[in-house]
Number of protein chains: 2
Amino acid sequence: MRYRSRLHAFSELTDADRTAIDALLDQRQRVIAPRRDVVAEGEVPRFVHVVLDGWACRYRQLSDGRRQLLSLLLPGDLIDPYPQAVARSDHAVGTITTMTVAEVAPDALAALGRESATIARALWWNNHVAMGTQREWIASLGLRSARERIALLFCEVYFRLRTSGRCMGRACEFPLTQADLAEATGLTPVHVNRMVQELRRDGLIAWGGRTLTILDLDALCGVASFTPAYLHLDRAVSAG
Amino acid sequence: MRYRSRLHAFSELTDADRTAIDALLDQRQRVIAPRRDVVAEGEVPRFVHVVLDGWACRYRQLSDGRRQLLSLLLPGDLIDPYPQAVARSDHAVGTITTMTVAEVAPDALAALGRESATIARALWWNNHVAMGTQREWIASLGLRSARERIALLFCEVYFRLRTSGRCMGRACEFPLTQADLAEATGLTPVHVNRMVQELRRDGLIAWGGRTLTILDLDALCGVASFTPAYLHLDRAVSAG
DNA sequence: CGGAGCCTTGAGATTTATCAAGGGTAGTGG
DNA sequence: CCACTACCCTTGATAAATCTCAAGGCTCCG
């Protein structure tokens with residue numbers, strides 16, 4: 001089963017809840033080219049965007065041009081998860097691949113949260129997971145080596161895609177370039193390249209084209225010190 | 001004016017809202033010794049803790065002992081900002097100094113959020129700021145140098161304390177040890193020491209005892225590439 | 001007076017960055 | 001169908017930032 005949005009994956013939702021969310025997602029959609037900004041830094045977003053297809057990322061850029069990815073936005077993710085927001089964004093969101101987003105009216109989502117207590121909980125749960133993921137990135141950048149950071153990112157993406165039913169066995173899409181990976185892990189592209197080669201040589205992964213295959217999941221998780229606790233999958237419906 | 005909790009600082013709150021929150025904070029309090037865990041990793045917290053006095057931190061520790069601070073919890077901060085949580089914590093929270101916390105029943109806070117739309121918004125705003133702060137830490141660890149990271153942390157603490165009315169001019173409390181600072185910035189204590197000395201030598205800060213004095217705020221912000229946008233102070237009542 | 005915790009300093013090792021160049025591949029236009 | 005460009009990946013050599021190890025000093029407290 002493939003979830004249209006992360007909210008759908010929340011285990012306590014009723015069928016009626018899921019139908020109501022679907023209705024919101026169908027109201028208004030947009031297709032965005034790769035490498036474009038969806039939300040600029042300082043902008044006040046007019047919609048709650050939900051990624052329906054394709055990948056994007058949050059990022060922050062310093063005045064001297066240095067850029068850091070802050071999180072990956074995969075299919076199903078909410079880009080502006082604040083029903084009541086109307087706040088100036090403190091970071092930018094840009095596409096990586098061609099992306100289809102649903103543009104949901106903040107008021108409509110807020111209304112849904114008031115009508116259904118489970119949807120309200122789903123919104124908080126989604127937030128909880130997003131914060132946990134950010135914390136894991138902090139731990140990654142702060143105390144893991146280059147090799148460990150890269151392994152961690154592979155693990156995270158694999159588990160997240162699997163939750164939403166977007167893996168085939170041990171393989172999944174992975175459309176980032178090595179330069180993107182460098183911006184996500186706080187390393188240089190050159191060094192990322194060497195570490196990726198090492199992971200390949202050690203038989204942990206295969207990665208080429210836009211496909212990542214995890215050849216030895218346990219070993220990769222071990223290298224990354226990865227445990228999926230921060231994804232709070234215990235409250236998610238498993239997609240297999 | 002000194003705010004008891006971050007929620008109090010939300011500019012849209014009415015006096016009635018603030019009184020209601022105060023009532024929650026007064027129900028049950030606890031004093032915790034320095035260097036103790038408030039919430040252990042994997043624990044399901046039974047309360048929403050609010051820091052009334054003293055400092056704490058979120059942290060994550062890998063099996064080999066390496067430890068990374070994930071965020072600082074200053075007076076007023078909510079430790080478990082999920083009214084509906086009842087989720088296993090994916091990280092630990094420990095005190096730095098002696099700390100007084102209010103232990104609020106999650107249900108009571110949730111009820112308050114249902115009764116007052118502004119309190120509900122305040123909870124989301126609080127979350128929004130917490131996420132922004134985590135993103136800034138990611139950007140700090142990912143693309144800033146040692147010197148820049150340390151300067152950034154000083155800036156962040158100063159601005160956050162000022163918002164809640166806990167600065168005297170350019171001076172504020174700063175009870176972290178250099179080893180703590182190292183765990184927050186992903187550096188070694190030795191290197192932190194050298195960078196702090198550099199910042200002192202350059203006349204940017206004075207730091208000793210448990211007091212930090214910012215001697216040249218503009219220059220320090222410049223070194224750190226600090227802009228307080230992520231704190232979303234535009235929706236906070238200024239404490240001066 | 002002794003110990004513990006924290007800060008400071010020095011010297012050498014390691015990780016990662018920087019600079020520079022070459023090769024592969026896919027798409028584009030002639 | 002071929003040349004050409006753009007983008008990405010790869011490799012090597014050297015440099016810089018940060019870590020590691022080791023030791024000494026200061027201050028507070030019992």
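# Exercises on Two Interfaces

In chain A, 21 residues of domain 1 are in contact (heavy atoms within 4.5 Å) with 20 residues of domain 2. The model is predicted, so local features need pLDDT of at least 70 and side-chain atom pairs count only at pLDDT 80 or more, while totals for chains, interfaces and linings use all residues. Residues are numbered from 1 along each chain as its sequence is written, chains are lettered from A in the order in which they are written, and side-chain values use heavy atoms, with hydrogens and water left out.

**Exercise 1.** Describe the interface of domain 1 and domain 2 of chain A.

*Solution.* 

Step 1. Locate the domains. Domain 1 of chain A covers 6–130 and domain 2 covers 145–235; such bounds come from an automatic or database domain assignment. Taken over C-alpha atoms, the centres of these two domains are separated by 23 Å.

Step 2. State the buried area, that is, the accessible area (1.4 Å probe) that two parts lose on being put together, summed over both. Between the two domains of chain A about 1,800 Å² is buried, and carbon and sulfur atoms give 55% of this area.

Step 3. A:Arg235 and A:Glu12 meet in a salt bridge with an N to O distance of 2.9 Å.

Step 4. Identify the elements, which are DSSP runs numbered from the N terminus (helices H or I, at least four residues; strands E, at least two). On the side of domain 1 that touches domain 2 in chain A, E5 and H3 each supply at least two residues. The largest share of that side, five residues, comes from E5(A).

**Exercise 2.** Describe how chain A meets chain B.

*Solution.* 

Step 1. Count the residues and the area. Here 45 residues of chain A are in contact with 44 residues of chain B. The two chains bury about 4,100 Å² between them, 61% of it on carbon and sulfur atoms. In chain A, the residues that lose the most area to chain B are A:Trp124, A:Arg135 and A:Ile138, together 20% of what that side buries.

Step 2. Count the links. Six salt bridges are found across the interface of chain A and chain B. A:Arg66 forms a salt bridge with B:Glu148, with the closest N and O atoms 3.1 Å apart.

Step 3. Find the contributing elements. Strand E4 (56–61), strand E5 (67–73) and helix H3 (117–143) of chain A each supply at least two residues of the side that touches chain B. H3(A) gives the most to that side, with 18 residues.

Methods: A salt bridge is a side-chain nitrogen of Lys or Arg within 4 Å of a carboxyl oxygen of Asp or Glu.
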